Amino acid sequence: MADYAQVVTTTDSEEAAATLARSIVDARGGACVQVVPIRSFYKWDGAVQDDPEWQLQVKTSSARVEFLIEHIKKHHTYDVPEIIVTPIVSGHDAYLSWLDEETQA
């Protein structure tokens with residue numbers, strides 16, 4: 001895996017997204033969390049759902065990915081939260097250095 005990753009999850013309200021984002025940064029699970037309103041279509045309980053959601057894009061070091069996954073699972077309101085990890089293969093050196101500093105356990 002690359003030295004850095006972006007982890008994506010979604011919540012059902014802006015307030016839940018802000019609470020989760022703050023807890024992630026406070027716990028040093030991620031250096032930065034961006035929250036974006038989205039519209040999600042998915043099948044749940046046998047029916048296609050059409051819901052507003054808030055997507056959290058978390059930038060973190062690879063060393064903190066497993067901690068972050070567990071943190072999200074523990075603090076998320078969904079029964080089965082989306083947690084997708086994508087490697088960051090390159091980026092601005094100064095930003096990546098800052099990301100390292102902010103995710104030191």
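Contact here means heavy atoms within 4.5 Å. Axes are lines fitted to C-alpha atoms, for helices over the stretch in contact, and angles run from 0 to 180 degrees between N-to-C directions. Helices (H or I, at least four residues) and strands (E, at least two) are DSSP runs, numbered from the N terminus.

This is a predicted model, in which local features need pLDDT of at least 70 and side-chain atom pairs count only at pLDDT 80 or more, while totals for chains, interfaces and linings use all residues. Residues are numbered from 1 along each chain as its sequence is written, and side-chain values use heavy atoms, with hydrogens and water left out.

I start with the sheet. It is open, has 4 strands in the order β2-β3-β1-β4, and pairs antiparallel; two strands pair if DSSP finds at least two bridges between them. β2 (32-44) and β4 are the edge strands, each pairing on one side only. On average, neighbouring strands are turned by 30° against each other, direction ignored. Between the antiparallel β2 and β3 there are 13 bridges; Gln-34, for one, has Gln-57 of β3 as its bridge partner.

Now the helices. α1 lies across β1, β2 and β3, at about 20° to β3.

In α2, residues 65-75, the buried residues are Val-65, Leu-68, Ile-69, His-71 and Ile-72. Buried is under 20% relative accessible area, exposed over 50%, partly exposed in between, with a 1.4 Å probe and protein chains only. Seen down the axis of α2, its buried residues fall within an arc of 165°, so they line one face of the helix; the arc is that of the directions from the helix axis to the C-beta atoms. They pack against β1 (4-11), α1 (14-26), β3 (47-61) and β4 (84-88). Exposed Glu-66 and Lys-74 sit on the face of α2 turned away from its buried side.
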